[in-house]
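Open your viewer and load the model. This tour tells you what to select next and what is there.

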Amino acid sequence: MASERFAISSSALATFTVLHLIVYAIMQIPAGLLVDRFGPKRVLVASVLLMGVGQVLFALGTSYPLALFSRVTVGVGDSLTWVALLRTIAVHFTARNYALVVAMSNALGALGGVIATVPLALALGYAGWTTTFLLLGLGTLGYSVVVGLVMRPGRLDEDSTEPQGERVDATSVFRQFPQVWRIPGTRLAFWVHFSTGMLPGMLGLLWGYSYLVESLGLSPATASMVIGLFVFTGVVGGPIIGASMRLRPESGMWWVLAYLALSITGMLLLTLWPDGTPPAMLACVAFLVFASGGPITAVAFALIRDYNPMRQMGTAIGLANVGGHLATASSTLLIGVLLDLSRSMSVQHAYQVGLAGAFAMLLLGSVRTVVWWRRARAVHFEAQERGEAVPMRLRPRRWDVRGDRRRALVPVRLEGDPDHWSMILVGPGVPGDEEWDSPNRVRERTPR
């Protein structure tokens, strides 16, 4: 219907989805900065307004350029929503419940996307293009009023940027970007999201279906059911992982490591299978494993919640969230390039070459995840040894980094005052731990 309305080809139609993803990925860090600057409530209201305006333009527009502009508008609004929502969850729920609520939110979003397709298709058939999207846009605009009236600051928002609190200076927000990136927990969250979000995004959006149909010879209906595993796993797996992390907060990284080990094994089997056509059941099991990466991305946001003070959490969430989208876009493009370069091969072997590129990116992300996990644990143990309050108590392992201590900014909660944060610089060459308190007081601690 869209191709007829705008008189465009299938490739031009696909641009709508690609453009939305590009805008979403580019806007993650700006979205985080906006949340830290203006607060999650204002950003959420703005995001709903933008999506409503975009849908109205999509309903009324008849030209392809206007349709593209409307999708950009919707993409910008969509990009603001998730960061602001995660920041809102952080100030309404304790750190122990954070991963569970994030996982439930992610699952509800996936379920809503599936449920909405049926009434949307029926409305397009009975009411037509303009009426359907116009009502959708007006309803979204009306919902922005509900968000503005109902949403309240959280009880845990010690560094509130809402109007009743002290406003955060724009310059200080931009200055905190490199500071957030230097925190080992933030780096770890970036690589966790990079590694766990790549395969679900790349296979679920584009290459999974074509691989199953063109390389394995599955019917389109069967391939669609296999791709549906990505949604099913997100809905079912998210609450399970979230509940596990609520009971044992340290279990999050073990979920990540187990997923990476199984995904590397699955990618190896698909890539190295002798004739390029592994058994359909093996491919389905591998896709089920790959799909579990979607709900496991919640671990990245739990790490952000644990290792960043509230006033810079939006920026940290945006940084982590861009990891998975960067990996998805890069791997999707890489597979396409490798397939083009392998045209002289059979379809099966060409897809094996393409999957080898995705495997290389998965291996890169896995190695960096392990590296930053060990570094983050080393900094965590240093804080434990100093007697500072840490998000959880960890037990040292033989493979932990001991003595190889890098300079890093470490946020910690002060004993006796859980709403008060300190930023401590630790590492070689630091004569004393320089400490910044959340009320912006500066003092030097004596060398140890």
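Buried means under 20% relative accessible area, exposed means over 50%, and partly exposed lies in between, using a 1.4 Å probe and protein chains only. Helices here are DSSP runs (H or I, at least four residues), numbered from the N terminus.

Before you start, note that this model is predicted: local features need pLDDT of at least 70, side-chain atom pairs count only at pLDDT 80 or more, and totals for chains, interfaces and linings use all residues. Residues are numbered from 1 along each chain as its sequence is written, and side-chain values use heavy atoms, with hydrogens and water left out.

**Stop 1: helix α14**

Select residues 298-307. This is helix α14, and ten of its ten residues are buried, so the rest of the structure largely encloses it. Click through them: A298, V299, A300, F301, A302, L303, I304, R305, D306 and Y307.

**Stop 2: S215**

Now go to S215, in helix α9 (residues 184-215). Is S215 buried or exposed? S215 is buried, with a relative accessible area of 2%. Next, show its contacts (heavy atoms within 4.5 Å). Leaving out residues up to four places away in sequence, S215 touches S210, G276, T277, V347, Q348 and Y351.

**Stop 3: aromatic pairs**

Rings of Phe, Tyr and Trp (its six-membered ring) pair if their centres lie within 6.5 Å; planes under 30 degrees apart are stacked, over 60 edge-to-face, and the rest tilted. How many aromatic pairs does a search of the whole structure find? The search finds 13.

Select F230 and F287. Their pair is edge-to-face, at 6.1 Å centre to centre with 70 degrees between the planes. F230 sits in helix α10 (residues 220-247) and F287 in helix α12 (residues 280-291), so look for distant parts of the chain, 57 residues apart, linked here. Both F230 and F287 are buried.

Move on to W254 and W373. Their ring centres are 5.5 Å apart and their planes are at 85 degrees, so this pair is edge-to-face too. W254 lies in helix α11 (residues 251-272) and W373 in helix α16 (residues 347-385), so the pair ties together parts 119 residues apart in sequence. W254 is partly exposed, at 39% relative accessible area. W373 is buried, at 8%.

Then select Y211, F230, F287, F290 and Y351. Ring pairs link them into a cluster.

**Stop 4: charges over rings**

A charge sits over a ring if NZ of Lys or CZ of Arg is within 6 Å of the ring centre and within 35 degrees of the ring normal. Select R37 and F38: R37 lies over the face of F38, 5.0 Å from the ring centre. Finish with R71, which lies over the face of F58 at 4.5 Å from the ring centre.

Notes:
Helices (H or I, at least four residues) and strands (E, at least two) are DSSP runs, numbered from the N terminus.
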